[in-house]
Amino acid sequence: RNPNVYLAYEMADMKIQINDLVGAKLNIDYGLANVKDDMKRTFYERQQPYETSMKAALLYMKGLLKFNENQAANIDTTLQLFNDALAIDPNFNMAKISREALEAQKAQKAAAAKKE
């Protein structure tokens, strides 16, 4: 297949799952460099599938990559990338859910640190 943004997204997703973070970064960087404003990505994690901006989806994927690189050190960077994706598409459910989970984790760590 010829390289394209959609394939880059799919490859990055698979590479993150198998912990090939260097390969995933290359795919995400390619996707972000070549994405057009009118490109969309469909998500199926809900009863009703929905579309979001491909750029938002790639920023979300970049956030996942950062988190997987170093969960403790990259929480703020990951949250910023999720927020960037939500700035493009406020209805991007996957980014919303992930941001909320990460914010809860961060708050839990802060509360635990205060107790020490």
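Predicted model: local features only at pLDDT ≥ 70, side-chain atom pairs only at ≥ 80, totals over all residues.

Student: Why does Glu 69 count as partly exposed?

Tutor: Its relative accessibility is 37%. Buried means under 20% relative accessible area, exposed over 50%, and partly exposed in between, with a 1.4 Å probe and protein chains only. The value for Glu 69 lies in the middle class, so the residue is partly exposed. Lys 66, at 24%, is likewise partly exposed.

Student: Why is the pair formed by Lys 66 and Glu 69 called a salt bridge?

Tutor: The term requires a side-chain nitrogen of Lys or Arg within 4 Å of a carboxyl oxygen of Asp or Glu. For Lys 66 and Glu 69 the N to O distance is 3.5 Å, so the pair qualifies. The two residues lie three apart in helix α3 (residues 54-69), which means that about one helical turn separates them. Helices (H or I, at least four residues) and strands (E, at least two) are DSSP runs, numbered from the N terminus.

Student: How many salt bridges are found in the whole structure?

Tutor: Four are found. One of them joins Asp 76 to Lys 106, with the closest N and O atoms 2.4 Å apart. That pair links distant parts of the chain, 30 residues apart: Asp 76 belongs to α4 (residues 75-88) and Lys 106 to α5 (residues 93-115). Lys 106 is partly exposed, at 35%.

Student: What makes the salt bridge between Glu 10 and Arg 41 a link between separate parts of the chain?

Tutor: The two side chains meet at 3.3 Å, N to O. Glu 10 lies in helix α1 (residues 5-17) and Arg 41 in strand β1 (residues 40-43), so the pair ties together parts that are 31 residues apart in sequence. Glu 10 is partly exposed at 33%, while Arg 41 is buried at 16%.

Student: Why can that pair also be described as a polar contact?

Tutor: A polar contact is a pair of N or O atoms within 3.5 Å; within protein, one must be able to donate a hydrogen and the other to accept it, and residues adjacent in sequence count only if both atoms are side-chain atoms. The distance of 3.3 Å between the side chains of Arg 41 and Glu 10 lies within that limit, so the term applies.

Student: What else surrounds Arg 41?

Tutor: Apart from neighbours within four places in sequence, Arg 41 is in contact (heavy atoms within 4.5 Å) with Tyr 9, Glu 10, Tyr 50, Glu 51, Thr 52, Met 54 and Ala 57. Thr 52 is also the bridge partner of Arg 41 in β2.

Student: How do you know that the length of α3 agrees with expectation?

Tutor: The expected span is 1.5 Å times one less than the number of residues. For the 16 residues of α3 this gives 22 Å, and the end C-alpha atoms are 22 Å apart, so the two agree. At the start of α3, a side-chain oxygen of Ser 53 comes within 3.1 Å of the backbone nitrogen of Lys 55. The buried residues of α3 include Met 54, Leu 58 and Phe 67, and what covers them includes α1, α2, β1, β2, α4 and α5.

Methods:
Residues numbered from 1 in each chain as written. Heavy atoms only, no water. Pairing = 2+ DSSP bridges.
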